[in-house]
Amino acid sequence: MKYSVIVPVYNRPDEVGELLLSLSKQTWHDFDVHIVEDGSAVPCREVCNHFANRLDIHYYVKENGGPGAARNYGAERAAGDYFIVLDSDVVLPPGYLAAINAELDEHPCDAFGGPDRAHPDFTPLQKAISYSMTSFFTTGGIRGGKKKLDKFYPRSFNMGVSRELWQQLGGFRAMRFGEDIDFSIRIFKAGARCRLFPDAWVWHKRRTDFSKFFRQVRNSGAARINLHLLHPGSMKLVHLLPAVFTLGCLVLLILFLFGLALYLFGPDHMNKAVGFALCELTILLPLLYALLIFVDSSIRNRSLWVGLLSIPASFIQLFGYGIGFLSAAWKRLVLKQKAEGFDDNERLYK
């Protein structure tokens, strides 16, 4: 059985080098690699050439069209029985492909995915961001954890699909954000067998600063509304929680300001006491949540500093997703504005 590893790349030669190095150390060797340069200004050709004598590697350059189009470009040129889609910012443990092969030998399936972890050498900030994306207390554990609020959907940072299923589905749609979730939904709609491979995990660097991380999760929140229009019924409770959290914090802020006004300008002691109690309550709730995040992350990462950084990372994850979700819901569901390339009547992307 042969695997084709497909990686879209946009201005990340250093990360590609780390990924290719980890691929060169795999204990399972029956695979080839397809690197698709998606209109990068900083190409990774030299990095790929460096590994030409260690990997069966194919390097392509195309105009920028987004990660989905780049994956399709690679798949059209790949020869594997299974396509393994990875992001350029992941690093693989040596037994990654062997774990996939063992799972498929024991229980064959049409599609699969694996979880992600933070490497011990990652920076504290990277570990904190990784925690915020994988913790049960932030995302509900839906990205491959054992405890989760929804069934597992493979994501494009670590996804495998049989050649037959890929061809049946036509690959990824021309979506800038949420294209991997759309693909996973179509996998289930097609009645394909899809499983989580717990041992086929990757180290995932994610974004390296809070600003980039905020933009990423905001785009993910907005994409969820388009996915709801594309796949009615795909919206689950867990997808609403960040928006509920964001609105809840806004309500707490309003109540805090109201309580502060009562405390400062109340006409009598009773009003001041009520205002003070209201301020305490509205501060206590987010503090308790922050404490929960700090303790859980500190224990999981064995670092108080990572635990501390996980507090803003978790709030950014929830606020960013919630803001993107609510903004897109207002524009798409209330104002009936169209998303780029989206046909509301056909529920298809052009």
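Visitor: What covers the buried residues of H1?
Guide: The cover over the buried residues of H1 includes strand E1 (3-9), strand E2 (31-38), helix H2 (45-50), strand E3 (57-62), strand E4 (82-86) and strand E5 (90-91), where helices (H or I, at least four residues) and strands (E, at least two) are DSSP runs numbered from the N terminus. This is a predicted model, in which local features need pLDDT of at least 70 and side-chain atom pairs count only at pLDDT 80 or more, while totals for chains, interfaces and linings use all residues. Residues are numbered from 1 along each chain as its sequence is written, and side-chain values use heavy atoms, with hydrogens and water left out.

Visitor: And which residues of H1 are buried?
Guide: They are Pro13, Glu15, Val16, Gly17, Leu19, Leu20, Ser22 and Leu23; buried means under 20% relative accessible area, exposed over 50% and partly exposed in between, with a 1.4 Å probe and protein chains only.

Visitor: Changing topic, how many residues are in the largest nonpolar core?
Guide: That core has 32 residues, and those with the most contacts inside it are Leu20, Leu23, Ile35, Ile84, Leu86, Tyr96 and Ile100. A nonpolar core here is a set of buried Ala, Val, Leu, Ile, Met, Phe, Trp, Tyr and Cys residues joined through side-chain atoms within 4.5 Å. E1, H1, E2, E3, E4 and helix H4 (96-106) each supply at least two residues of this core. A second, separate core of 16 residues includes Val85, Met159, Val161 and Cys194.

Visitor: What does isoleucine 84 touch?
Guide: Setting aside residues up to four places away in sequence, isoleucine 84 touches Tyr3, Ser4, Val5, Ile6, Tyr96, Leu97, Ile100, Phe112, Met159 and Gly160, with contact meaning heavy atoms within 4.5 Å.

Visitor: On to the open sheet, in what order do its 3 strands lie?
Guide: The order is E5-E10-E7, with mixed pairing; two strands pair if DSSP finds at least two bridges between them. E5 and strand E7 (116-117) stand at the edges, each with a single partner strand, so one side of each has no neighbour in the sheet. E5 and strand E10 (residues 202-204) run antiparallel and are joined by 2 bridges, and valine 90 has histidine 204 as its bridge partner in E10.

Visitor: How many aromatic pairs does the structure hold?
Guide: There are 18 aromatic pairs, counted when rings of Phe, Tyr and Trp (its six-membered ring) have centres within 6.5 Å, with planes under 30 degrees apart called stacked, over 60 edge-to-face and the rest tilted. The rings of tryptophan 166 and phenylalanine 183 have centres 5.4 Å apart and planes at 55 degrees, so this pair is tilted. Tryptophan 166 lies in helix H7 (residues 163-169) and phenylalanine 183 in helix H8 (residues 179-189), so the pair ties together parts 17 residues apart in sequence.

Visitor: Is phenylalanine 183 buried or exposed?
Guide: Phenylalanine 183 counts as buried, at 0% relative accessibility. The rings of phenylalanine 183 and phenylalanine 172 are also paired, with centres 4.5 Å apart and planes at 25 degrees, so that pair is stacked. Phenylalanine 172 is itself buried, with a relative accessible area of 5%.

Visitor: What lies over the face of phenylalanine 172?
Guide: Arginine 71 does, at 4.8 Å from the ring centre; a charge sits over a ring if NZ of Lys or CZ of Arg is within 6 Å of the ring centre and within 35 degrees of the ring normal.
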